[in-house]
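This report describes a predicted model.

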Amino acid sequence: MTHPDRERGCMISSGTTACHPDHATLARDAAARRDAMRERIADALSSFAAKADAHRLARSSSAVMQGISVQARDGATPMELQEIVEDVVSGVEARRPRDARRFSLRPKSD
């Protein structure tokens, strides 16, 4: 999303969210791609979350990705965007029972 030689942001995440009625077909295609992306995220999350939770987390993750895309387009640095990702992962990890936690982005201080 922040490669210096490419367009910033992500066209699947933020492309065609608002458009003229003449471009409704493009908007529906972009929405279908976002739905497919959410399903792939839910599938990836299903290995450690119940199906309903995986879908909820996938929708939440997709919303964050859309926000990251907009921030990248507006000039946020890779480090700033990584901080957002770390906060989201920490939040998801905190929801899991302590004995089921498998990963952490930050080293433990104990």
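## Helix α4 and its buried face

In helix α4, the residues that count as buried are Leu-81, Glu-86, Val-92 and Glu-93. Viewed along the axis of α4, these residues fall within an arc of 145°, so they line one face of the helix. The buried residues of α4 pack against α3. Asp-87 and Arg-95, on the other side of α4, are exposed.

Helix α4 covers residues 78-95, which amounts to 18 residues. The distance from its first C-alpha to its last is 26 Å, close to the 26 Å expected at 1.5 Å a residue.

In soluble globular proteins, nonpolar side chains tend to be buried together. In this model, the largest nonpolar core comprises nine residues: Met-37, Ile-41, Ala-42, Leu-45, Ala-49, Ala-54, Leu-57, Ala-58 and Val-92. At least two residues of this core come from each of α2 and α3. Helix α2 provides the largest share, with four residues.

Side chains of opposite charge can pair when their charged atoms come close. The structure contains three salt bridges. One of them joins the side chains of Arg-33 and Asp-29, with an N to O distance of 3.0 Å. Both residues belong to helix α2 (residues 24-45) and stand four residues apart, about one turn of the helix. Arg-33 counts as partly exposed because its relative accessibility is 47%. Asp-29 is likewise partly exposed, at 39% relative accessibility.

Another salt bridge links the side chains of Arg-38 and Asp-35, at 2.1 Å from N to O. Arg-38 and Asp-35 also lie in helix α2, where three residues, about one turn of the helix, separate their positions. Is Arg-38 buried or exposed? With a relative accessibility of 15%, Arg-38 counts as buried, because the cut-off for that class is under 20%.

An α-helix has 3.6 residues a turn, so residues three or four places apart point the same way.

Asp-53 has a relative accessible area of 34% and is partly exposed. Arg-56, at 37% relative accessibility, is partly exposed as well.

## Confidence of the prediction

The mean pLDDT of the protein is 80, and 81% of its residues reach 70 or more. Which helix has the highest confidence, and which the lowest? Confidence is highest in α3, with a mean of 90, and lowest in helix α1 (residues 11-14), with a mean of 65. Helix α3 is also the helix against which the buried residues of α4 pack.

Over residues 104-110, pLDDT stays under 50. For this stretch, the model has four contacts beyond four places in sequence.

Methods: Residues are numbered from 1 along each chain as its sequence is written. Side-chain values use heavy atoms; hydrogens and water are left out. A salt bridge is a side-chain nitrogen of Lys or Arg within 4 Å of a carboxyl oxygen of Asp or Glu. Buried means under 20% relative accessible area, exposed over 50%, partly exposed in between (1.4 Å probe, protein chains only). A nonpolar core is a set of buried Ala, Val, Leu, Ile, Met, Phe, Trp, Tyr and Cys residues joined through side-chain atoms within 4.5 Å. pLDDT is the predictor's confidence in each residue, from 0 to 100. Contact means heavy atoms within 4.5 Å. The expected span of a helix is 1.5 Å times one less than its number of residues. The arc is that of the directions from the helix axis to the C-beta atoms.
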